[in-house]
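The following note is intended for a colleague who is meeting this structure for the first time. Its points are numbered so that each may be checked in turn.

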Amino acid sequence: SDHMENIYGYLMKYTNLVTGWQYRFFVLNNDAGLLEYFVNEQSRHLKPRGTLQLAGAVISPSDEDSHTFTVNAASGEQYKLRATDAKERQHWVSRLQICAQHHTEAIGKNNPPLKSRSFSLASQGSASSPGVQRRPSQSAVSFFSVGHHRLPSGKRIPSMQPDHLIDVREMMSQAEGQQRDLIRSIECLPASGHLTSLDQDLLMLKATSMATMNCLNDCFHILQLQHASQQKGSLPAGTTISWLEPKASLANHFKNGAAQNFPTEINKPASVREEQSIAEPCQLTREPEEINPDEEVEDICDDKEDDLGAVEEQRSVILHLLSQLKLGMDLTRVVLPTFILEKRSLLEMYADFMSHPDLFIAITNGTTPEERMIRFVEYYLTSFHEGRKGAIAKKPYNPIIGETFHCSWRIPKSEVATDAGSNSSAHSPSEQVILSKEVEGQTELDYYTVKFVAEQVSHHPPVSGFYAECVERKMCVNAHVWTKSKFLGMSIGVTMVGEGLLSLLEHGEEYTFSLPCAYARSILTVPWVELGGKVNINCVKTGYSASINFHTKPFYGGKLHRVTGEVKQNATNTVVCRVQGEWNSVLEFTYSNGETKYVDLTKLPVTRKRVRPLEKQGPFESRRLWQHVTESLRDGDIDKATEHKRALEERQRNEERLRAETETPWCTKYFLKEGDGWVYHKPLWKTASAVQTQQMDTN
């Protein structure tokens, strides 16, 4: 066929946030059913850099623009590709779809159905069932009589005729009805007693039965496409085999595995209608807003996340969720149930990492480069304890694009650690003018102010930017973080891709740092959080660096939350400080002079952040944006919280679709794209330099 010729050419391939898009030479090998790529055309004779099997693959044009498309292999691997124009994209997509369909059909022809087999999960009272042997008095499986239907042997013939598809559909309808009856029977059981609706075997049976029905629906979908292609000779243009996507929406199973009908638009609370009717963000003012710290008041909110009740009650929902996931699956686009959420946004969680601002400010008071690096390491390691609210692994709200969070801290100058040779107020009058950043009377105050702002600058991928500064001490930190979540079986891993930069303008030093990975463990029982991975802190100017290892707990033995690290002088490779302990308990610092210092994180004083009251916050500030979800979670009303959360997510999807249709780029408010990162629009290193230049010109 003319449509089955091998094609080749250059396409852009997306690697990750750091590397971005790269030109690669792609070859479609129709005979083998492979999509291969090479670094360039000259290396085509070498081994491919990557290969995708196209049998069972899903090829989808992207909604984000007219050039991009994705190839999702049956193995779960994905290529995100970009052509030079819409015409070239259509050429690649159509050829890939034809090749994928051809090899998918070949698999079906070369692998005829297996002979009919009958399975019996368990018969009532069967002593051979593993469940009965383990607990004969309360076997969850044997509690139910599950019927099995088989095609009469005389009707099975090698080729799939239309009437056989009807038979299969009828059988699947019967199976779906039985599965619904099974779920209903389990849920009608009492909450306590001999056999309850929360029995572990029954919960697992619900999850696996749902997964089985989803799998059968996927297979039936492929059979329908095969039959259509046999009748028409080829698939209709633009058709893809979307069998990798779950047929059931996770949102429909928020309540104990059963479908939940949300109220219609008319019956929705006014707060939900308000959440859906907020104007397109770019139509609102996107000009940066200067937040006056005097308008902020000390935060009295204290939402500890130690309540396990909802998690215990909703375990069947977790099992259902797990039944639709697979190892290594990216959870970025998976809508998670509301009951596992913390009562704060991810942007506010980043702010809570600054809950010891006195240690942050004390960094610049170090008299030597060595001491400043050690102080930064001490501050860095103490930030994670307060960033996690309680020991239970709950998830902050996913910020919507354009969401912002503002706060500040006031730290009495007497509480900031200084050295004999370093006086925090020992600056010349001209320096004080620069440090005050033109804020009258700032130098007369008896406290320092640390201001914080965070913004969700991208939705896909989800990237947050945050910035904090202390003008009086001429120091600031800027960071951007892309959170990548993956399903790892009985745990969920979150990789924090990005980089932070601490600037000490008084010393002309810059410290780059990364963040560890986070893991939610034991998600079927009592979920808990641990950190893992190696992070590096480096200062090029001084030649000092730090290497910190967050150790995950080994399978047997070992301590939880263990961390070790060392600070080095790179030129001489001399270790000047070692640290060990637990990042949420006690840390031990051993210095080169033999001294040892212990820091008990549970006893460190926490400085409460200052936040503007809700009525003074903008519509896209975190607390005002999520206020109805938070209030519902505080009241324990999971259904209402889910409704409000769903309204926000629907609004974000509609806005994203509108921007794609009108080709309107998103405009950020506080952060600007620079290379692969995001930088605050008015960082202290720029404004302080400008004020200093102006001061010199005046003199």
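1. The crossing of helix 13 and helix 14 is left-handed. In this predicted model, helix 13 covers residues 627-634 and packs against helix 14 at an angle of about 165°. The axes of these two helices are 8 Å apart. Because angles over 145 degrees count as roughly antiparallel, helix 13 is described as roughly antiparallel to helix 14.

2. Which residues make the contact between helix 13 and helix 14? From helix 13 come His628, Val629, Ser632 and Leu633. Helix 14 contributes Ile638, Lys640, Ala641, His644, Lys645 and Leu648.

3. Helix 13 is mostly covered, with six of its eight residues buried. The buried residues of helix 13 are Gln627, His628, Val629, Thr630, Ser632 and Leu633. After helix 13 comes glycine 636, which has a positive phi near 75°.

4. Helix 14 spans residues 638-662, a run of 25 residues. The distance from its first C-alpha to its last is 36 Å, close to the 36 Å expected at 1.5 Å a residue.

5. What backbone feature occurs just after helix 14? Glutamate 663 takes a positive phi of about 55° there, although this residue is not a glycine. Glutamate 663 lies in the loop between helix 14 and strand 25, the strand of residues 671-674. Its relative accessibility is 68%, so glutamate 663 counts as exposed.

6. Histidine 561 is located in the loop that runs between strand 19 (544-551) and strand 20 (562-569). Is histidine 561 buried or exposed? At a relative accessibility of 12%, histidine 561 counts as buried.

7. With a relative accessibility of 23%, alanine 175 counts as partly exposed, whereas isoleucine 186 is buried, with a relative accessible area of 0%.

8. Each of these residues can be paired with a partner further along the chain. Alanine 175 and methionine 213 are separated by 38 residues in sequence, and their C-alpha atoms are 7.9 Å apart in space. For isoleucine 186 and threonine 196, the separation is 10 residues in sequence and 8.0 Å in space, C-alpha to C-alpha.

9. Valine 679 belongs to strand 26, which consists of residues 677-680. At 14% relative accessibility, valine 679 counts as buried. What does valine 679 touch, not counting residues up to four places away in sequence? On that basis, its contacts are Asn478, Tyr670, Phe671, Leu672, Glu674 and Trp685. Valine 679 and alanine 479 are 200 residues apart in sequence, yet 7.4 Å apart in space, C-alpha to C-alpha.

10. The remaining remarks concern the protein as a whole. There are 15 helices and 26 strands in the protein. Of its 699 residues, 48% are buried. Contacts between residues at least 6 apart in sequence were also examined, and 62% of them join residues at least 24 apart. The accessible surface of the protein comes to about 34400 Å². Carbon and sulfur atoms account for 52% of that surface.

Methods. Residues numbered from 1 in each chain as written. Predicted model: local features only at pLDDT ≥ 70, side-chain atom pairs only at ≥ 80, totals over all residues. Heavy atoms only, no water. Helix = DSSP H or I, 4+ residues; strand = E, 2+ residues; numbered from the N terminus. Expected span 1.5 Å × (residues − 1). Buried < 20%, exposed > 50% of the residue type's maximum accessible area, 1.4 Å probe, protein only. Contact = heavy atoms within 4.5 Å. Areas by Shrake-Rupley, 256 points an atom, 1.4 Å probe, with all protein chains shown as cover. Axes fitted to C-alpha atoms, helices over the stretch in contact; angles between N-to-C directions. Parallel < 35°, antiparallel > 145°, perpendicular 65-115°, else oblique. Left-handed = near helix turned anticlockwise from the far one by under 90°.
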